[in-house]
Amino acid sequence: MAIAHIGHAELQVSDLEASREFFTEALGLFVTEESDDSVYLRAWQDWDHHTLVLTRARESGLGHVAWRVQSAEDLKQHERELKALGVDVEWLEGSTGHGDSLRFGSPSAGVPVELYWEVERFQCVDPTLSSRLPSHPQRFTGKGIAPRRFDHTNFLVDDVRAEQEWFSDVLGIRHNYYVVGADETRLGSWLAKTNVSHEIAFMRNRNQDGNRLHHVAYFLDSPDQLVRAATLLVDGGYRLEWGPGSHGTSGAIFLYAFEPSGHRVEVWTGGFLLFAPDWEALRWDGSAAPLGLELWGSELPETYLTYGTPLVAAGARASLV
């Protein structure tokens, strides 16, 4: 029984039209499919039907974060294990872009999770976007920020350690590194199933007033593309929160901004890769932690450790306007 990799995220958005414009024109994602109330998006080298879903809703929030498993049997095995642990699960028969899926919320923070096996591969039918390269599902256009691929999700939670241990112990997501405070309180944990530095992360909500989505992130190839991204976002009228800067923990260069419906979006580049089968999580304590979030010394915005968008309860549907 094994999860393979993070697949996509669903953002419920209060202004679908404005959010669609941000993600397509400013960020440079591509629309694979859409309806009056949903838009399915992907970066230029994402191989699947979509890596992001925008769903029209009265209030913005995270609909779910989805992971692909390694076989159809893994879905059934996860269902048995989750039920044995007392976790409520829901089966969805088919979804746009992939097959049947299992949905549930993590017991500690209520993170809405989806697991699936069958997937629809992206097929480029637009001759102006077709690539001559078999390694490229479509041609690189350079439109907008133009990230290469979907990278990760991050959450603000009241109890980082409890959430990390559940995702590691129950779902098998490897714990890569973590930060602790002076009193040994877990301030952050970063996890992945693949060899990237993280596919999901949990950071301590400084206000201790509930669990939220912190951000979704897309990957850029180089620092110069990230600096270009900052200029494009500001010139497009979007608000930057923080960056460019460098996370010492992952070794990545980052930039955070807000899209029109209030979700935080990160673009980043770099980050270390892990290959050891017996990796043990790296500890960042008081002596090194100041370099963890910002290696270059720029000031951490208060909003970074307090603001996020709500988590939609597992099984809940978008409340449409």
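**Note on a predicted model: surface patch, sheet and salt bridges**

1. L295 is partly exposed, at a relative accessible area of 42% (buried means under 20%, exposed over 50% and partly exposed in between, with a 1.4 Å probe and protein chains only). The residue sits in the loop between α5 (289-293) and β18 (309-310). Together with L291 and W296, L295 makes a nonpolar surface patch of about 320 Å². Patches take residues with over 30% relative accessible area and no salt bridge, nonpolar side chains being joined within 5 Å and like charges within 9 Å.

2. The model is predicted: local features need pLDDT of at least 70 and side-chain atom pairs pLDDT 80 or more, whereas totals for chains, interfaces and linings use all residues. Residues are numbered from 1 along each chain as its sequence is written, and side-chain values use heavy atoms, without hydrogens and water.

3. Eight strands form an open sheet with mixed pairing, in the order β2-β3-β4-β1-β5-β8-β7-β6. Neighbouring strands are turned by 25 degrees against each other on average, direction ignored. Strands are DSSP runs of E with at least two residues, helices runs of H or I with at least four; two strands pair if DSSP finds at least two bridges between them.

4. Helix α1 (residues 16-26) lies across β1 (3-13), β2, β3 and β4 (52-56), and runs at about 160 degrees to β4. Contact here means heavy atoms within 4.5 Å; angles run from 0 to 180 degrees between N-to-C directions of axes fitted to C-alpha atoms.

5. The structure holds 16 salt bridges, each a side-chain nitrogen of Lys or Arg within 4 Å of a carboxyl oxygen of Asp or Glu. One of them pairs E17 with R56, the closest N and O atoms being 2.9 Å apart. Because E17 lies in helix α1 and R56 in strand β4, the pair ties together parts 39 residues apart in sequence. E17 is partly exposed at 48% relative accessibility, whereas R56 is buried at 18%.

6. R56 also forms a salt bridge with D37, again with closest N and O atoms 2.9 Å apart. D37 lies in the loop between β2 and β3, so this pair ties the loop to strand β4 across 19 residues of sequence. Salt bridges with shared partners join E17, D37 and R56 into one network.

Terms used:
Accessible areas come from the Shrake-Rupley method with a 1.4 Å probe; for residues, only the protein chains shown count as cover.
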